[in-house]
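Please view the sequence and the structure together before reading the points below.

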Amino acid sequence: MPIHDHEPSLRGGAFLWGGLVLGVLFLIALLTHGFGLLGRSSRGPAAPELMVRQGDKIIVPEGSALRNRLTVMPAPVQAVSPKLVLPAVVESDPARTASVLTPLSGRVTALKVELGDRVKLGQVLAVIDSPDLDQAYDDYDKAADAAKLTERNLARQEAQNKIGAASDRDLDQTRSDNVQAAAELTRAKARLSMLGASADKGNASRLLAITAPMAGSITTLAMARGTLINDPTQPLLTVADLSTVWVTALAAEKDLGAISKNQEAEVTLSAYPGRVLKGKVLFVSDVLEADSRRNKIRIAFANPDYSLKPNMFASVTLEGAQGSMVVLPSSALLMNNDRTSVFVATAPWTFERRIVDPQLEEGATVAIRSGVTAGEQVVVKGGILLND
């Protein structure tokens with residue numbers, strides 16, 4: 001019986017807690033939704049959407065605030081002289097560049113130049129002590145001694161033959177020996193000459209002097225004093241005549257139709273911002289570079305002050321024949337996934353993205369090679385608002 005006496009109070013407590021929970025839930029719902037609903041009802045109907053996407057098209061509905069921020073105009077056509085701007089680099093002329101090798105192996109006993117030095121034709125660059133050169137001198141000494149001996153023997157045989165003391169057969173043999181000895185002496189002398197050694201001073205010095213094959217600058221150096229040279233086919237240094245250099249530009253395949261030999265070219269260099277070099281295309285390669293799929297274009301320049309240095313970065317501008325092209329304000333162009341695009345109106349307030357190929361930028365305008373035809377309605381201001 002005592003238990004039954006408490007049942008009404010327990011039910012009353014449960015009802016009280018349930019009411020409190022419902023009240024809290026109602027308050028939360030009112031805070032999160034109720035005031036918003038009240039606000040919407042006070043503002044009236046919802047505002048129109050700014051734009052609607054239907055597949056590839058973008059529609060700006062009536063009443064959208066974007067209509068006041070977009071400027072659309074027909075694409076105009078103007079007469080332009082297209083310019084092609086190509087990256088380039090300064091290079092030495094291969095016909096004026098020589099790799100210097102040693103004809104014999106040996107050890108470098110003296111190095112007469114340093115990297116970057118300017119040298120004259122025939123100037124001694126290095127001295128090498130070569131056992132092979134010693135052997136060449138020995139061969140020459142033997143040939144010279146044999147030639148002198150055969151000359152004396154020939155003179156004696158001719159004198160004896162006159163008095164009948166020597167037969168004609170002995171005289172003929174002596175003459176043959178003399179001719180062979182003279183030929184061997186000529187061969188040994190030519191061998192020394194090819195090695196850059198002189199037979200006249202062969203007994204004074206038996207060291208191999210490496211001389212400059214041309215006047216120019218030392219652009220590479222691959223030896224030092226004491227270096228042992230085992231491979232005569234390995235270049236020791238490079239001499240380049242930089243009084244005339246090449247500016248080599250790289251042109252893409254799609255631009256080759258606008259490039260020809262003797263075409264006027266302007267070159268600017270990063271090292272000299274205010275300096276413009278004018279020249280003509282000297283050479284257009286018949287073969288594309290396999291790795292870059294680009295074609296090499298070369299322009300030659302006189303370089304009397306050596307201000308143009310190999311490996312300098314440059315920019316080559318080629319001007320093509322005058323023609324008519326679509327020209328748009330630069331504000332119309334937008335970047336999309338590393339491509340240049342514009343928005344074209346295909347119907348009133350209906351736009352689609354169009355990928356374009358800009359060719360030339362002149363101040364605030366850009367010549368368009370492809371992607372837009374004359375007269376098409378193009379968004380020239382505010383297109384960024386339609387961009388993804």
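In helix α2, the buried residues are Leu133, Ala136, Tyr137, Tyr140, Ala143, Ala144, Ala147, Thr150, Leu154 and Gln157, where buried means under 20% relative accessible area, exposed over 50% and partly exposed in between (1.4 Å probe, protein chains only). The model is predicted: local features need pLDDT of at least 70, side-chain atom pairs count only at pLDDT 80 or more, and totals for chains, interfaces and linings use all residues. Residues are numbered from 1 along each chain as its sequence is written, and side-chain values use heavy atoms, with hydrogens and water left out.

**Helix α2**

- Elements are DSSP runs numbered from the N terminus, with helices being H or I of at least four residues and strands E of at least two.
- Helix α2 covers residues 131–162, and its 32 residues should span 46 Å at 1.5 Å a residue; the end C-alpha atoms lie 47 Å apart, which agrees. The expected span is 1.5 Å times one less than the number of residues.
- An α-helix has 3.6 residues a turn, so residues three or four places apart point the same way.
- The cover over the buried residues of α2 includes α3 (168–194) and β10 (208–211).

**Overall composition**

- The protein contains three helices and 25 strands.
- Of its 388 residues, 32% are buried.
- Among contacts (heavy atoms within 4.5 Å) with a separation of 6 or more, 71% are between residues 24 or more positions apart.

**The six-stranded barrel**

- Six strands form a closed barrel in the order β5-β14-β17-β16-β15-β18, with antiparallel pairing. From one strand to the next, the twist averages 40°, with axes fitted as lines to C-alpha atoms and angles running from 0 to 180 degrees between N-to-C directions.
- Two strands pair if DSSP finds at least two bridges between them.
- Seven bridges link β5 (residues 83–92) and β18 (residues 313–319) in the antiparallel sense; Lys83 has Glu319 of β18 as its bridge partner.
- β5 also pairs with β14 in the antiparallel sense, over five bridges, and Val89 stands opposite Thr248 of β14.
- β14 (residues 244–252) is mostly covered, with eight of its nine residues buried.
- Antiparallel pairing of β14 with β17 (residues 294–302) involves nine bridges, and Ile299 in β17 is the bridge partner of Val247.

**Aromatic pair**

- One aromatic pair is found in a search of the whole structure. Trp349 and Phe351 form this edge-to-face pair, at 6.4 Å centre to centre and 80° between the planes.
- Rings of Phe, Tyr and Trp (its six-membered ring) pair if their centres lie within 6.5 Å; planes under 30 degrees apart count as stacked, over 60 as edge-to-face and the rest as tilted.
- Trp349 counts as partly exposed because its relative accessibility is 27%, whereas Phe351 is buried, with a relative accessible area of 1%.

**Loop between β20 and β21**

- Asn337 lies in the loop between β20 (334–336) and β21 (339–347). Its phi is near 55°, a positive value in a residue other than glycine, and Asn337 counts as exposed at 64% relative accessibility.
- Asp338 is found in the loop between β20 and β21. Its phi is near 65°, again positive in a residue other than glycine, and Asp338 counts as exposed at 76% relative accessibility.
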